[in-house]
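Take a moment with the sequence and the model before reading on. We will walk through the structure step by step.

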Amino acid sequence: MLRNWGFWLIVSQFSLVFCNQKGSFKERLDFTPLPKNNLLASFNFEIKSDTVNWYDTSSTYSHYTVFPKSLGPILEDTKTRELHLRFSQGWWDSELWGSLPQNGSQSGGTGVEVWAVIEADNKTEAEGEWIHLVNSLSGLFCASLNFIDNVITTNPVYSLQPTSNFINELPTEGDLFLFRSALPREPVCTENLTPFLDLLPSKGKNGLSSLLNGHKVYDSQWNSMSIDVETNCDDELNCHYDLKQNIHMIVNTKRVLSKLRDPLPVPTPGNELRCDRTKKHDAYYCFPLVDSTDIKIDMREIFGNIINGENTVTTEKSRVCAHTVPEVWKVLAKVNDYDSVFAYSEVQEPCYEISGTDTLNIELKTDRSDITLPLKEPPLVVSRSLTGYSQDSGGLRIDFRNPSDSEEVNFVYYQSTPWYMKTYLHTLKMTLTNNTSGESFVIPITDRSIVSYLPEFYYEPMIDRVRPSHLELKLVLPPNFSMRLAYKFDKLMLKYAEYPPDANHGFEIEPAIVTVVDKFNKVIYEARTTPALLTLPTPDFSMPYNVIILTSTVMALAFGGIFNLIVKRVVTEEQAEYYYQQNSPKLRLRRLIARISAKFQKKKAD
Amino acid sequence: MSESKSEILPPEPEEERSLRTLIFISVFSVIVLLGVPLWFLTTSLYRAELPVEEINNLSSTLKSQIHYDIPFYIELPKPMRYLVLETQELLDSKLAQLSSEHPFDVDYHVSLISGPKKSDLDYQIELVNSEDPNGEGLFISPYERRIVIRNSENVVVNKLVPDFISRVILDEVLKYEISVHQGLLTTNSGFEIPFKDKLKLTFNLFKGDGLPIDWDTSSLERYLDGALENFRTYLDLRVETQVIYFASLNINKDNLIIEDGQYLLTERNLSSFINYSDWGLEDSTTTDPTLNFIIYIPSEDTRPLKVQNSEHNSFLIAQYGGVLILNDIVDNQLSETDLMPILDIFTSQLYKLIGVPEHIESLTPKSPQIRVDIMMRLKIIENLQLAVDNLKSLITLSKRLSTINIPDFTIEHVNSAIENINQSIDKLNSREFVDSLKLSNEAIEESDRAFFSENMVQQAYFPDEHKMAVYLPLIGPIVMITCLMFLRVMKK
């Protein structure tokens with residue numbers, strides 16, 4: 001080896017030029033106090049991978065420095081160019097909390113949702129890779145993603161469009177296919193957070209990730225965990241993966257504090273009750289007031305942990321930022337329990353950079369927690385519900401409201417419903433209501449005038465046990481108007497083995513996605529509806545056994561009767577009577593005794 | 001009395017009695033001929049028929065079907081061509097001699113062919129004359145398949161050239177292979193991974209703490225390009241590297257022995273050294289074998305960490321990989337000079353883990369290339385044997401468990417495994433070793449797929465004992481009634 005030293009030196013200098021760009025890692029945490037003593041905590045981790053080169057088949061090397069090796073080979077094997085995963089729990093109350101963090105681009109609907117862009121030569125191949133991908137991810141994230149198959153997968157047309165820049169930059173060898181599927185029934189819990197932390201180079205040991213603790217994250221009012229991988233290329237067509245991992249959670253500070261005080265819920269003792277003094281109050285009467293606005297809370301209370309020193313792997317210093325009204329909120333950074341204020345009136349966006357190996361605790365303090373930054377109103381409010389009560393049919397109703405008085409809203413409504421909901425799109429009716437006057441008018445889908453509100457739509461009807469119904473509507477909602485869409489569907493029968501465990505619980509229908517776009521068709525807001533719970537006719541599962549046993553018994557009885565009838569001799573009653581007399585058990589016994597005694601007498605005689 | 005009885009209950013007329021018997025017989029035959037088969041047919045499991053005969057046949061004749069020879073090419077001037085024939089005769093007789101001492105398991109030959117070699121995978125012998133009368137010698141190139149035999153005056157004069165060549169081939173180059181065929185040696189060292197023609201190597205840089213480190217992956221690439229060259233003909237290799245921080249020791253610091261200010265890893269500690277769950281070594285994408293090589297840099301509080309009785313501070317984990325503990329790093333950086341000695345150790349571990357025989361004087365040649373060739377040829381036969389054994393186990397399983405179903409695609413896999421085995425034997429017999437190895441691997445994969453197909457072992461809808469319980473209300477009364485009637489008819 002040493003012989004070639006000079007040569008290697010030359011090569012290594014050359015290779016520095018073409019060399020891999022090494023990956024990078026940065027992280028950030030944001031606190032935003034919200035009304036009613038709620039607090040939004042947003043964790044943001046960004047990882048950039050080393051340069052990847054899929055098309056160079058001669059290269060047998062791949063290097064992972066900060067990008068997780070557990071994820072990289074999966075993406076490469078399945079030719080996944082973009083991957084998005086969402087694990088969410090709870091319901092976002094937009095009246096109380098305003099619009100979703102990051103305009104909803106990082107929040108999912110209840111359960112698990114996954115979509116990916118896969119490069120392949122044809123659709124069949126891409127479908128195979130998609131199944132391979134979700135199976136691999138299932139093991140990695142401890143989620144039932146392996147239950148995803150073509151029956152619950154759609155290819156969105158207007159929604160969830162890829163965002164990676166490589167699609168424009170790099171001429172791809174194959175075609176790109178977008179797949180999306182959701183598991184609304186999946187319970188999101190601690191076992192999904194551990195793999196999330198394992199993807200980070202700091203493994204939750206230092207930096208901001210040391211705050212994340214499964215018990216606290218999943219005890220929040222609402223939480224959403226997202227993993228997004230994009231492929232981006234620079235001008236020289238050196239491509240890399242950009243991995244963004246986010247956790248957003250809403251914590252009710254009062255609830256957290258009371259839970260810390262009493263792990264088991266107990267009624268508030270009489271002397272701690274806050275009663276309305278203007279009304280009658282004594283030992284028996286109390287009209288309770290809203291929670292006090294006095295708050296003092298720190299990270300140890302919210303997350304159960306404090307920051308365990310700076311993140312040594314990151315390329316930039318980790319930052320903790322607070323978005324508050326500085327006049328009333330005081331944000332303290334406690335390094336090794338020594339206080340220092342970092343958010344005060346003069347600082348516009350107060351942030352704290354973590355450095356050193358000392359522990360760091362952040363404390364939020366105010367006596368007017370009702371004063372928070374003004375809420376950003378979502379551009380569109382949506383809710384979806386099931387209608388009807390029969391076992392064989394039902395309806396779906398979706399309500400949209402445009403809160404703005406001046407701007408019309410352009411948006412895409414995406415919905416995928418399982419095959420056992422047989423939708424009748426011709427029954428779709430649109431009702432538009434003026435929010436102030438209450439005037440409303442109905443447009444059925446068959447009416448041409450619907451085009452001004454529904455300029456375009458995509459519908460792929462379901463096929464039994466093959467694919468779901470896939471509906472995407474491009475809608476326009478004028479200012480100060482509400483829109484209601486309603487259509488009917490039939491509930492189909494399932495086969496015995498197709499029922500999930502606990503079938504009487506009902507079937508979760510995955511959340512629908514609403515994507516608000518501006519006039520350049522750029523996504524400005526994204527939201528999901530709640531899942532719907534559909535009841536299907538559910539049999540008694542011991543039925544097949546009962547049927548077999550009952551029919552068997554009936555058949556055996558019938559056979560016995562008929563068989564005896566045709567093979568036995570028919571006699572008159574007198575004959576039978578006589579025969580019975582001759583052969584009655586009593587007589588037979590007597591005869592037997594007589595025969596035996598006769599034998600004995602014979603012996604004696606001998 | 002008998003007179004009055006016959007008056008009231010006259011004996012049954014003969015035709016009535018025979019009619020009744022006829023009815024019984026027809027009902028009975030409907031039940032037996034139609035009911036029972038129908039019941040069996042509708043409640044039985046599907047069992048496709050396995051080619052039992054063919055597999056048994058293959059298993060008994062596998063070794064006798066193999067007869068391969070290893071070609072050595074020798075270029076000689078025309079007047080010396082007679083040497084080829086003479087040497088060939090000598091080789092044959094020597095092999096026959098060896099075979100009579102310890103019989104070979106397969107038909108094994110060595111052929112000497114005059115002319116230049118046909119492909120890179122063939123062996124070339126070169127004869128060189130030495131000036132020195134006693135200067136005979138041998139040089140086996142470590143970089144290509146070339147053997148240089150230096151003849152001296154003595155050898156030539158005593159007409160010992162054929163003897164010399166044959167001794168070189170049989171005793172220096174192929175001794176190991178021959179010994180294995182004779183059953184004197186086994187290839188199994190216990191270290192090697194199950195063989196597959198796809199192999200993934202991961203080189204991991206593990207840090208006990210979170211201080212960033214940089215390593216020169218491009219020099220690693222260059223080193224491995226050379227080191228793995230010998231395997232590329234046979235194996236599809238993929239290399240992945242990763243850096244993992246906070247890879248905490250699996251062993252409690254207090255349980256480590258401290259000696260001369262060093263933390264000592266004893267042999268007992270080594271088995272639990274790797275933290276399989278936390279270190280991100282598992283790979284969920286492939287079922288292909290993976291070898292893991294780990295450079296472990298302990299955190300400050302457990303430094304220096306030493307492996308007991310190890311010169312290079314490293315150890316090997318059978319069928320898994322190798323570990324090297326590095327205590328001294330400068331500037332949080334691993335440069336080319338730091339990496340080279342480490343990679344040398346990993347390469348030697350890699351050879352052991354793949355199962356390449358070690359270089360032992362007068363058993364295996366020093367050339368790694370030839371040792372890899374020998375191992376791959378032996379692997380072909382091992383693979384074929386394994387594939388056949390898999391198929392035999394499948395037959396045993398299907399015979400023993402009568403309640404599992406055998407779907408059609410199991411048969412498809414079995415058939416394609418058999419086909420691969422036969423083709424692999426053909427290729428081996430016609431000296432196409434690389435193709436033969438590929439096919440023998442496919443044979444294993446197909447036989448595995450046949451054996452481990454999940455549809456075979458899935459729970460049947462009704463297990464056999466449940467079937468009886470469920471249908472008893474039907475079968476019980478019917479059997480009772482017909483049996484009683486049967487007895488009555490027989491009595492009459």
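This is a predicted model: local features need pLDDT of at least 70, side-chain atom pairs count only at pLDDT 80 or more; totals for chains, interfaces and linings use all residues.

**A walk through two chains**

The end C-alpha atoms of residues 21–41 of chain B lie 29 Å apart, and this span is 100% helix and 0% strand. What does the record say about this stretch?

An unreviewed UniProt entry places a "transmembrane region" at residues 545–567 of chain A. The model makes these residues of chain A 100% helix and 0% strand. Their end C-alpha atoms are 32 Å apart.

Now step back to the domains. Chain B is split into domain 1 (2–45 + 463–491), domain 2 (69–182) and domain 3 (198–354). Note that domain 1 of chain B is written as two segments, 2–45 and 463–491. How far apart do the C-alpha centres of domain 1 and domain 2 of chain B lie? They lie 84 Å apart. Chain A is divided into domain 1 (17–366), domain 2 (381–534) and domain 3 (543–605). Between the C-alpha centres of domain 2 and domain 3 of chain A there are 73 Å.

Next, look at where the chains meet. The contact takes 48 residues from chain A and 39 residues from chain B. Several elements of chain B each supply at least two residues to its side, among them α1 (2–8), α2 (14–43), β8 (236–244) and α16 (464–491). Which of them gives the most? α16(B) does, with eight residues. By class, the side of chain B that touches chain A holds 21 nonpolar, nine polar and nine charged residues.

Strands also link the two chains. Strand β3 (residues 61–64) of chain A runs parallel to β8(B), and four bridges join them. One point to find on screen is S62(A), which stands opposite E240(B) in β8(B).

Stay with strands, but move to another β8, this time in chain A. Why is strand β8 (residues 239–252) of chain A called largely enclosed by the rest of the structure? It is because 11 of its 14 residues are buried. Strand β2 (residues 38–52) of chain A pairs with β8(A) in the antiparallel sense, over 13 bridges. Here N38(A) stands opposite N252(A). Strand β7 (residues 222–233) of chain A also runs antiparallel to β8(A), and 12 bridges join the two. In this pairing, D228(A) stands opposite K244(A). β7(A) and β8(A) form a hairpin with five residues between the strands. There, L237(A) takes a positive phi near 60°.

Finally, look inside. The largest nonpolar core has 200 residues. Those with the most contacts inside this core are A116(A), Y413(A), V514(A), F206(B) and I421(B). Helix α12 (residues 368–400) of chain B gives the most to this core, with 12 residues. In soluble globular proteins, nonpolar side chains tend to be buried together. Leaving aside neighbours within four places in sequence, V514(A) is in contact with L380(A), V382(A), F411(A), Y413(A) and A527(A).

Key: Residues are numbered from 1 along each chain as its sequence is written. Chains are lettered from A and ligands numbered from 1 in the order in which they are written. Domain bounds come from an automatic or database domain assignment. A nonpolar core is a set of buried Ala, Val, Leu, Ile, Met, Phe, Trp, Tyr and Cys residues joined through C-beta atoms within 7 Å. A residue is buried if 20 or more other C-beta atoms lie within 10 Å of its own, exposed if 12 or fewer, and partly exposed in between; C-beta atoms are placed from the backbone. Two residues are in contact if their C-beta atoms, placed from the backbone, lie within 7 Å. Ala, Val, Leu, Ile, Met, Phe, Trp, Tyr, Cys and Pro count as nonpolar, Asp, Glu, Lys and Arg as charged, and the others, Gly among them, as polar. Two strands pair if DSSP finds at least two bridges between them. UniProt positions are given in the numbering used here, feature names are shortened, and annotations may be inferred rather than shown by experiment.
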